[in-house]
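Student: I would like to learn how to read the features of a structure like this one. Could we go through it together?

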Amino acid sequence: MDEISYAPAEGLLSLAWLLIALPAFGAAVLLLAGRRADKWGHWLGVATIGGAFALALAMFSSLAGLDNKSANLDLFTILSVGDLDIEANLLFDPLSAVFCLLITGVGFLIHVYAVGYMSHDPGRRKFFAYFNLFAAAMLVLVLGGNYFMTFIGWEGVGLASYLLIAFWQLKPAAATAGKKAFLTNRVADVGFLLAMFTMIGALGTVDFAEVFNGAASLSTGMSLAIGLLLLAAACGKSGQFPFQTWLPDAMEGPTPVSALIHAATMVTAGVYLIARSHVIFSLNPDVQTAVVIVGALTLLFGAIVGCAKDDIKRVLAWSTVSQIGYMFLAVGLGGGAFALGIIHLLAHGFFKAGLFLGSGSVMHAMNDQTDIRRFGGLWRKMPLTYATFAAGWLAIIGLFPFSGFWTKDPIIASAFAREGWQGWVVGGAALLGAALTAFYMTRVFVLTFHGPKRWTPDVHPHESPAIMTVPLILLGLGSLGAGGLMASSVTTWLTPVFGESHEVHGHLSHAQVTVATTIVVVLGAGLGWFLFRGGTDEVPHAAAWPVRAARADLGGEAVNRGLFERPSRLAASASVAMDGRVVDGAVNGLSAAIGGTSRRLLVMQTGFVRSYALSILSGAVIVVAALMVVVIQ
Amino acid sequence: MNEAQQAGLQIDWAGLAPMIIVFVAAFLGLLVEAAVPKGRRLVVQVSLAVLALAAAFAAVVLNAGKNSAAFEIEGVGIGSVVLDGPGLFLQGTLAMLAIIAVLLLAERRTTRGGDFVAEAAVVADSAADKAQRREDGATEIFPLTLFAVGGMMMFVTAGDLLTMFVALEMLSLPLYLLCGLAKRRRLISQEAALKYFLLGAFASAFYVYGMAMLYGFAGTVDLAGINQAGTDSGQPRMFLYIGVAMIAVAMLFKAAAVPFHMWTPDVYTGAPTPVTALMAACVKVAAFGGLLRVFNVGLASSAWDWHLILTVIAVATMLGGAIFAVTQRNIKRLLAYSSIANAGYLLIGVIALGEAVGQTMFYLAAYGFTVIAAFAVVSLVRDGDEEATHLARWAGLGKKSPGTAVVVTVLMLALAGLPFTSGFTAKFSLFTAALQADELGLVIVGVISSAILAFPYLKVVVLLWLNEPAPDAPTVNLPSPMAGTVVAAGVAATIILGVAPGFLLDIVDQASTFLNT
């Protein structure tokens, strides 16, 4: 393999730090200025992310003009201990460039939308502060030039995600969901830390270029360990099996948060991490298989549970889980599929953000209700939301010529191209997932916008204001066109990162896969439309075991409860008892003893000079006597 | 050519410059009192003192790297003033700490006219005394401070016992006076001054007596000569032991080691808070500078003889200071007992001799900055005109004055020795050095004592943040730039030496060898 080296940043590209500094500045001002910024704070939040987007665009085009398509910017040394040097450096290359555009571009639209969405919330300034903080951390994550920098961003987005999920912290469900997301991510983050420690142990560095160049010298066990540890971290952040349960709960946060963090950007960080570490993953087929299994399993898992949910945001959340499964599948397949995963990620960023914002618009109209069984017939009342949601729906189910068609079909084709029986299994899973996706997305779409009205009496649906619909329209347009536009151009753009992609030939040709996918998608969507055209019951009715299992998140919660919660509670109550009786007893007894000694001895502090002088004198006598004892001996 | 040069006497004027600058400025300060109109004296005195100390610091820096006696006859050094690494480092530390202390002495905004009385001779609580509370404080405090600081700078570079004694008196006398100048609670202040003076005089007598004994034993007052005599003198060793004991008692008195510590809480509480800050930081540096030199240069050869008793004193000081501190209800008394416990930790550095000289000096510098800032904050929290020193009055300060509470928290955590503060790096490096000198037992006691001592500090933090403020809670007076600088500098040093102590550790490492050891 060729030596990987990154050219030093010059000209406009040396401003990469400003990308991070802008939103970070916004967050700092909004947090420090306090209530004084309540009136204009949200516009500052929008302005900083808008500025970052403009800068990212300019940097993107100046990167296109470079020969080696990479720019490394050294900022300062974080740590220098012995042989280990950890620099704060930023890497702007084709991969981080597209992420920067996604984060700042989609982020900008969602910031604008949130100005309207949060207009009645007293905590709007704080919301925008956290939102900017998130953008800054996410940009650190994708711009970091070594694993340590990525980790800083990784933890930063975790923090911002926690703060924003639990934004309405007085709502118990939101506070619990925030905690759950945080704890789950912490567990997975241990994988990231251990991966870094392993790199330091084996290669003595966490720098991207040095790790990738030295990776070839790793033993199989080492590359397996690093790969699996990174995979664990990626699964946690991206809500993949077995860490999927936090993501649907995260929908307790305000809808713009769900759109930006838990659909378009942060949850795709796992995909970014694997794509960035493609050198390590390509080394070891076992690791790749693990990624493929996680991806295939999760995409089915998410799609099945998504079919059984009645909360519009939760369906979308499970669909996110499922779609990220596709991305994992792609980056797990390796080779040319790395780029496919990234393209699907970008397209998904558009249409899923659009869908979430659309659901937010619906909630806005329906007094913050989220139960699709109480919607129906909304298309007349909110035509713009309806049209943009339809665009997102068509994009996610992947009908020709909409976005998903261009980005999901190649992944399914690549899955079928895997050698031996694995190709049939993985390809089949991906194909089945496409059918399920079409089914449940059609269900959401039809139950929300078509069929009879099943509204609760007190709602008066209305279209959202322009500040919310304009971003919706832009994202809707992106959902329609982005996939087709990106399919070939972004593959070429990413070539410097992933190498040349080759046409893959496997069990089925690309044309066969396209036909098969289109057939199952139409079937799934048609079935969904047929079943739910007349609405649905407003209470859940008895159902066969697969539906019951799907309603219970396929047992994910039960496993968590039995495997982690119950033992943890036992351990907690045991340690409370230990702490209360043994530790506190010892500490309290000791402190009482010391306090008592202190009070007794302080009696000597009489305040009389004569007794002080006596103390000095007796001290002197003792000192002299002690020295004399030495003489006598 | 004058006679001295003919006799072959060479004087290192540059080396003496720091002390000369400070003393000359002190005398100029006296002239200022006579010549400058009252209204302008404060500005002139403060500028003079700060400039002089800054110049002295610069002169110390220029002397860096010297390793010689200031007076030489025909190339052979006379021990009276010794310019070596530890001496110069401690002189520099003293100058820096003194600048900060002077700024605190000059604070006039937190209480009208400052913390000092205008006419010290007025009978306390008389009508005249009440009348003068509205007047500005005396400005003689600045020359007095300069004399004391000059004495301290001389103390840490004195190479023979006689010079050391002169320096000891020079640093002590102005301090006795300064202790009695508090504007509020005049009687307590005067009582503190008198106690300090009486006991100080008592201790000085021990010193002179010990010096005589050592002279009898060694035939010289030069520290290096005494060390030499420790191995080859024909005199009875009895003289040596009595001498060592007496000198040690006198210096341990200044350093506030148990059982010579009893003056500390009374004097720290009674003295005006800025003077307490000066004593806690600078006198500590001077006393331990002297102890380090006497034991490293003069008594290293008899280390076996005094090792046990000094160890006992160190243990008593560490445990005593910490245990006494636990039940204190007054922040100034708490800091006083904590200063006693810290003297115990520093004694470990003295006992460990050459291995720990650098780390002891680092500890002195780190502790000095923290403790000055702590006393500065004490002077800001007020009930009306008086300082609110009772800890119960500090309850809930975090709610009313979060900025001050954060500063106090940082300082308390530093004094408790938590990581990322100078308190941790100082203790850690000192204890590490002591381990290298095979003082495991002392280090264990030191750690236990630190754990006990952390309790009262953390109790203050709990009090600040987790308790509800009383309805008539004290106000935190906004400091002028003077005290503001003191707090900022102290907190900055506390954090910098906690996060990035490398540069100072390098300096003390290079400056850790005494001349003639």
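The dialogue below goes from the chains to a helix pair, a sheet, a chain contact and a single residue.

Student: What kind of model is this?

Tutor: This is a predicted model.

Student: How many helices and strands does chain A have?

Tutor: Chain A has 23 helices and two strands. In chain B there are 21 helices and six strands.

Student: What share of the contacts joins residues at least 24 apart in sequence?

Tutor: Take the contacts in chain A between residues at least 6 apart in sequence: 81% of them join residues at least 24 apart. For chain B, among contacts with a separation of 6 or more, residues 24 or more positions apart account for 79%.

Student: Now the helices. How are two packed helices described?

Tutor: Two packed helices are described by the angle between their axes and by the distance between the axes. In this model, take helix α8 (residues 220–238) and helix α13 (residues 285–308), both of chain A: their axes come within 9 Å and cross at roughly 20°.

Student: Why are α8(A) and α13(A) called roughly parallel?

Tutor: Angles under 35 degrees count as roughly parallel. The axes of α8(A) and α13(A) cross at roughly 20°, and the two helices are therefore roughly parallel to each other. The crossing of α8(A) and α13(A) is right-handed.

Student: Which residues make the contact between α8(A) and α13(A)?

Tutor: From α8(A) come L224(A), G227(A), L228(A), L231(A) and C235(A). The residues from α13(A) are D286(A), V287(A), A290(A), V291(A) and V294(A). By class, the contact of α8(A) with α13(A) has eight nonpolar, one polar and one charged residues.

Student: Next, the strands. How do strands of a sheet pair?

Tutor: Strands of a sheet pair through backbone hydrogen bonds, and the pairing is either parallel or antiparallel. Chain B has an open sheet of three strands in the order β1-β2-β3, with antiparallel pairing.

Student: Which are the edge strands of this sheet?

Tutor: The edge strands are β1 (9–11) and β3 (76–83) of chain B, each of which pairs on one side only. Neighbouring strands of this sheet are turned against each other by 35° on average, direction ignored.

Student: Over how many bridges do β2 and β3(B) pair?

Tutor: Strand β2 (residues 68–73) of chain B pairs with β3(B) over five bridges, in the antiparallel sense. E72(B) stands opposite G77(B) in β3(B).

Student: How many residues does each chain give to the contact between chain A and chain B?

Tutor: The contact takes 25 residues from chain A and 31 residues from chain B. On the side of chain A that touches chain B, α22 (556–601) and α23 (609–632) of chain A each supply at least two residues. With 15 residues, α23(A) gives the most to that side. By class, the side of chain A that touches chain B has 15 nonpolar, nine polar and one charged residues.

Student: Last, a single residue. Where is N560(A)?

Tutor: N560(A) is in helix α22 of chain A.

Student: Why does N560(A) count as partly exposed?

Tutor: A residue is buried if 20 or more other C-beta atoms lie within 10 Å of its own, and exposed if 12 or fewer do. N560(A) has 18 within 10 Å, so N560(A) is partly exposed.

Student: Which residues does N560(A) touch?

Tutor: Not counting residues up to four places away in sequence, N560(A) touches T245(A) and E565(A). N560(A) and P242(A) are 318 residues apart in sequence, and their C-alpha atoms are 9.6 Å apart in space.

Technical notes: Residues numbered from 1 in each chain as written. Chains lettered and ligands numbered in written order. Predicted model: local features only at pLDDT ≥ 70, side-chain atom pairs only at ≥ 80, totals over all residues. Helix = DSSP H or I, 4+ residues; strand = E, 2+ residues; numbered from the N terminus. Contact = placed C-beta atoms within 7 Å. Nonpolar A, V, L, I, M, F, W, Y, C, P; charged D, E, K, R; others polar. Axes fitted to C-alpha atoms, helices over the stretch in contact; angles between N-to-C directions. Parallel < 35°, antiparallel > 145°, perpendicular 65-115°, else oblique. Left-handed = near helix turned anticlockwise from the far one by under 90°. Pairing = 2+ DSSP bridges.
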